[in-house]
Amino acid sequence: MPSVQHVSPKKGDVLVLVGTMKGAFVLTADRGRKKWKVGGPYSIGSPVYAMAYDNRQGRHRLWWATQSFRWGTFLSSSDDFGKTATQPETYSVKFPAESGLTLKNIWQLNLPAGEPDTLYCGVEPSCLFVSRDAGQSWTPVEGMLNHPHRAQWQPGGGGLCLHTIVPHPANHNSMIIAMSTGGCYRTDDGGKTWKPRNVGVRVQFMPEKYPEFGQCVHKIARAAGKPERLYLQNHWGLYRSDDNGDTWKDIAKNVPSDFGFCMAGHPHDSETAYIVPIESDEYRCTPEGKLRVYRTRNGGGSWEPLSGGLPQKNALETVLRDSMSTDSMDPAGVYFGTRSGKVYGSHDEGKSWQLIQEGLPPVVCVKTGIVGDGAGASPQRRGGTEKGKKKPATKSAGKKSRRK
Amino acid sequence: MPVTINIPSYLATFANGQRSVKVAASPANVSDALEALWKLHPALRDRVVDEQNQVRQHINVFVGDECIRFAQGLATTVPDGAEIMIVPAVSGG
């Protein structure tokens, strides 16, 4: 077994959370984002498809989902960047027995701004779960669990997964999700009902090219500061919506391929988004053996290759749907991980790239965070557990975690 | 006679470090034996069976030398004083 390293980031440091097929890693650097320290692996040997950092309300909590081949899929959290982690007595994300469904994997964790105790997760088989108590307990969102289209959703190559969760920043009752396959669905009533939102998004694997649903959407990113704008990377096709997903417009211009998996929005500029084109859905590697990120700075009107510091020969790489993210710094950092276990980062919005880490297992998840107040100190160390609140859990095999 | 349930090292973490647990009652079948085990060590349940109360795909349960997948599953009869083994299957990638 590899030795586990730990990191102790400080307030203001940047986190890059990397989920791989053999565990989770925590990468951290100061604001300059040039020298990186690596913590992990956590959940050694198990795929980790979903990670998140919760710094709301003074927390500094890592979340990750472990998909154990043997022991099932479960969520863990850590308030000290992985040094200790919860071991839930009973798994918190479970389908009701009467649903007939069994959880295969957790593909996505989402922490909506403005709702500090709410977390969402997207799972396989496709469903959305919600926690309203900061992750202690979870329930399936009934409108998604019992969706009338469920029987018609089909698994893609990665399984039938709800992999993207995009809440509306100003309307807590509105959210758009994406699944493969099934496409985009949006709720405007807090999850009670979900309508397909795929108008203009084509499919190439069914007789009908523009069905109401059934698309294989790979990723959606919401534009910063313009909440009705969304970008979409499809299984063939790049799209933009300016009406919160009601309609989609093709924006695949001057890209070497409109096939790809990942997509990330700029944290401050609604006109800017990033992708990594992949040659085809059969080959699934970067075109021409060149590892290039493509960026639009005009809302998809055109795309430019970004290759400074990236290998331009024999780079047969694949970047999966959740393996790209941006940080919230200015200038923005952009990060992605490959199936060959490399993590690249840019501290200047994509102008130049640095190989942050290599030799990792295949990367399936890259998320970012900025360490907030209270970093590196547990509530006890900051002055004791607050009266009336239960102690935060540390490594507690067989004990149910209770903390907020 | 009590039934003995042997568990792998990973699961022992959730059973006070025990690799072997005796179930005092005489369970009629594997389902009853496991239910008795869950009562003693609740954290084992979700790790061994899924939401549909089925043994997880990559775990095997034996009664003596017999794998219950090739018998009557959780309804497999447990003889008095039998040994049950929960074993991680060959899996991974």
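Tutor: Let us begin with a term. Two residues are in contact if their C-beta atoms, placed from the backbone, lie within 7 Å. Please keep in mind throughout that this is a predicted model.

Student: What share of the contacts in chain B with a separation of 6 or more comes from residues 24 or more positions apart?

Tutor: Such pairs account for 54% of those contacts in chain B.

Student: Which helices and strands does chain B contain, and in what order do they run?

Tutor: Chain B has three helices and five strands. Read from the N terminus, its elements follow the pattern β-α-β-α-α-β-β-β.

Student: How does the radius of gyration of chain B stand against that of a compact globule?

Tutor: A compact globule of 93 residues would have a radius of gyration near 12 Å, and chain B agrees because its own value is 12 Å. Along the principal axes, the C-alpha trace of chain B spans about 40 × 30 × 25 Å. Of its 93 residues, 31% count as buried.

Student: What confidence does the predictor attach to chain B and to the complex?

Tutor: The average pLDDT of chain B is 94, and 97% of the residues score at least 70. For the complex, the predictor gives an ipTM of 0.94 and a pTM of 0.93.

Student: How should I read the pairing of strands?

Tutor: Strands of a sheet pair through backbone hydrogen bonds, either parallel or antiparallel. In chain A, an open sheet of four strands has the order E15-E16-E17-E18, with antiparallel pairing. Its edge strands are E15 (217–222) and E18 (249–250) of chain A, each of which pairs on one side only. Within this sheet, strand E16 (residues 230–234) of chain A is joined to strand E17 (residues 238–241) of chain A by four bridges.

Student: Which strands pair with E9(A)?

Tutor: Strand E8 (residues 119–124) of chain A pairs with strand E9 (residues 127–131) of chain A in the antiparallel sense, over five bridges. A hairpin of two residues joins E8(A) to E9(A), and Cys121(A) stands opposite Phe129(A) in E9(A). E9(A) also pairs with strand E10 (residues 139–140) of chain A, again antiparallel, over two bridges. There, Val130(A) has Thr139(A) of E10(A) as its bridge partner.

Student: What should I look for in the interior?

Tutor: In soluble globular proteins, nonpolar side chains tend to be buried together. The largest nonpolar core here has 103 residues, and those with the most contacts inside it include Val18(A), Ile220(A) and Met324(A). Apart from that core lies another of 23 residues, among them Val3(B), Leu34(B), Val61(B) and Ile68(B). Leaving aside residues up to four places away in sequence, Met324(A) touches several residues, including Cys262(A), Tyr274(A), Phe336(A) and Val366(A).

Student: Is Ala151(A) buried or exposed?

Tutor: Ala151(A) counts as exposed because it has 7 C-beta neighbours inside 10 Å, where the cut-off for exposed is 12 or fewer. Ala151(A) lies in the loop between helix H1 (142–145) and strand E11 (161–167) of chain A. Its C-alpha atom is separated by 35 Å from that of Thr326(A), which is 175 residues away along the chain.

Technical notes:
Residues numbered from 1 in each chain as written. Chains lettered and ligands numbered in written order. Predicted model: local features only at pLDDT ≥ 70, side-chain atom pairs only at ≥ 80, totals over all residues. Pairing = 2+ DSSP bridges. Core = buried A, V, L, I, M, F, W, Y, C linked by C-beta atoms within 7 Å. Buried ≥ 20, exposed ≤ 12 C-beta atoms within 10 Å, placed from the backbone. pLDDT = per-residue confidence, 0-100. Rg over C-alpha atoms; globule rule 2.2 N^0.38 Å.
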